[in-house]
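Me: Hi! Could you help me learn how to read a protein structure, one feature at a time?

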Amino acid sequence: MKALQILKKNQPWQLNEVRDPLLKKGMVLVKIKAAAFNHRDLWINKGMYGGLIYPVIPGSDGCGVITDVARDLNRDILRKEVIINPGFYWGNEEGFQSSSFEILGMPSNGTLAEYVAVPVEYIHEQPFHLTAEQASALPLAGLTAYRALFSRVNLGHGDKVLVNGIGGGVALFALQFAKAYGCEVWVTSSSTQKIKSAMALGAAGGVNYKAEDWDKKLIQKAGKFDVIIDGAGGTGFGALIHLASPGGKIAVYGGTAGKIENISPQALFWKQVSILGTTMGSERDFYNMLRFINKHEIVPIIDEVFPLEEIVLAAEKLEQGKQFGKVVVKVS
């Protein structure tokens, strides 16, 4: 089969011919129809995780058709169109993942290939209203956003929500989910065009976080926020505490801007602000996310769809960081 491979740290992406996956007990073979990139794939390529093993086929997001099953499984699931939950072995505790938890695409080979083998318990029916390309954009980012909003900050109807750094997959799903839940949503970005695009999706407005006193300008426009969703961290994080309402909640799912060093403890405890770390989600979160997606007929935002033959170009586009929405590959 053809697959995108990372051969070594910081090496160019390569579309190679590799062996088809082997089916172990309890696994199914999925012929991938479409797959999507995440920043996680870039970070694997740059060696930014511990315990990396190369070569590897990246990719956590994908949907397709079951074409084979292990001998211990019932073959009546063949030819079903499915979407893959990329979070394996979460464990019995809903509050946090187990030590066995792993994400599809490292260490196990992922979805940026013609076929992938996955345990059958992480297979779900593809949402009825989505194309293969749209469904492939959903799993990792959608799961992360859903857990942040509903399992961690316990989003309430009518909450005022700030999504910091709109444009990436998780941030866009947070906007779409919160809007569907009846919330007022504001955004930040370093791009005026991305703010305009977010407003076209229903955001009430936004500010450029590169501007001087951007947080004060946002308060003048919107007031303070019950819920803040952040994937950046870094030196700008202190402003988020300033933006939080008394009793506000800040969910942190990433750290693209680096370490957080400028938090005022007084602002934090006097306002009774909660900072909640979150990543991915449990099997229950994934199931509930799919129910939410189907109920509200939410359609993931896609920036561009590439054919398999141009998968290296797709990876390079993600590296440029200019996309608004998911970068998707149509595989078959």
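Predicted model: local features only at pLDDT ≥ 70, side-chain atom pairs only at ≥ 80, totals over all residues.

Reply: Happy to! Cys-63 has a relative accessible area of 0%, so Cys-63 is buried.

Me: Is Cys-183 buried or exposed?

Reply: Cys-183 is buried, because its relative accessible area is 4%.

Me: How many disulfides does the structure hold?

Reply: To count one, we look for a pair of cysteine sulfur atoms within 2.5 Å. Here the number of disulfides is zero.

Me: Where is Met-1 found?

Reply: Met-1 sits in the segment before β1, which covers residues 2–5. Its relative accessibility is 10%, so Met-1 counts as buried.

Me: Which residues does Met-1 touch, leaving out those up to four places away in sequence?

Reply: For contact, we ask for heavy atoms within 4.5 Å. Met-1 touches Asn-16, Glu-17, Val-18, Arg-19, Asp-20 and Pro-21, and also Ile-57, Ala-113, Glu-114 and Tyr-115. Take Asp-20 from that list: it is 19 residues from Met-1 along the chain, yet 5.7 Å separates their C-alpha atoms.

Me: What makes the nonpolar surface patch of about 200 Å²?

Reply: In a patch like this, nonpolar side chains are joined within 5 Å, and each residue has over 30% relative accessible area. In this structure the patch is made by Ile-260, Ile-263 and Ile-275. Ile-275 belongs to strand β15, residues 274–277. With 34% relative accessibility, Ile-275 counts as partly exposed.

Notes
Residues numbered from 1 in each chain as written. Heavy atoms only, no water. Patch = residues over 30% accessible without salt bridge, like charges linked within 9 Å, V, L, I, M, F, W, Y side chains within 5 Å. Areas by Shrake-Rupley, 256 points an atom, 1.4 Å probe, with all protein chains shown as cover. Salt bridge = Lys/Arg side-chain N within 4 Å of Asp/Glu carboxyl O. Helix = DSSP H or I, 4+ residues; strand = E, 2+ residues; numbered from the N terminus. Buried < 20%, exposed > 50% of the residue type's maximum accessible area, 1.4 Å probe, protein only.
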